[in-house]
Amino acid sequence: MDFHGEKPIYLQIADVFCENILSGALKADDRIPSVREYGVQIGVNPNTVMRVYEKLTADGIIYNKRGIGYFVFPDARDNILEAQRADFLEREVPAIKRKMELLGVDAKIFN
């Protein structure tokens, strides 16, 4: 996995999980690798992976079956879409709108 400095590594890893769920590569109730397995697989410290799994659990993306492992939450796809749409509308749309105004771009070009 290639990481960049713009965002913490654990968030980049979480983004990859979300992309895999949105693309259908991971489906509801699919088992995901253990913390140690995944850490070895992508070459990061297991503590970093544990941080990812804690975030994804808190966000309703994965869940833990004690003694069995981690699995994709049944509503994970919907939860991801809802969160990403809200983020897009709150952070990206205003920035795009500001940039369009600065450049004199009329929104009518999208029609």
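Is Phe-17 buried or exposed? I looked this up in what is a predicted model, and found that Phe-17 is buried, its relative accessible area being 5%.

Next I counted the ring pairs, and the count came to 5 aromatic pairs. One of them joins Phe-17 to Tyr-38 in a tilted arrangement, with 5.1 Å from centre to centre and 50° between the planes. I note that this pair links distant parts of the chain, since Phe-17 belongs to helix α1 (residues 9-23) and Tyr-38 to helix α2 (residues 35-42), 21 residues apart. Tyr-38 is buried as well, and I wrote down a relative accessible area of 8% for it.

I then turned to Tyr-53 and Tyr-70, whose rings pair edge-to-face at 4.8 Å centre to centre, with 65° between the planes. Tyr-53 lies in helix α3 (residues 46-58) and Tyr-70 in strand β3 (residues 69-72), so this pair ties together parts that are 17 residues apart in sequence. For Tyr-53 I found a relative accessible area of 0%, which means that this residue is buried, and Tyr-70 is buried too, at 13%.

Which residues form one aromatic cluster? I find Phe-17, Tyr-38, Tyr-53 and Tyr-70 in it.

Last, I looked for charges over rings. The charged end of Arg-51 sits over the ring of Tyr-10, at 3.9 Å from the ring's centre, while Lys-65 lies over the face of Phe-71, 4.8 Å from the centre of that ring.

Technical notes:
Residues are numbered from 1 along each chain as its sequence is written. This is a predicted model: local features need pLDDT of at least 70, side-chain atom pairs count only at pLDDT 80 or more; totals for chains, interfaces and linings use all residues. Side-chain values use heavy atoms; hydrogens and water are left out. Rings of Phe, Tyr and Trp (its six-membered ring) pair if their centres lie within 6.5 Å; planes under 30 degrees apart count as stacked, over 60 as edge-to-face and the rest as tilted. Helices (H or I, at least four residues) and strands (E, at least two) are DSSP runs, numbered from the N terminus. Buried means under 20% relative accessible area, exposed over 50%, partly exposed in between (1.4 Å probe, protein chains only). A charge sits over a ring if NZ of Lys or CZ of Arg is within 6 Å of the ring centre and within 35 degrees of the ring normal.
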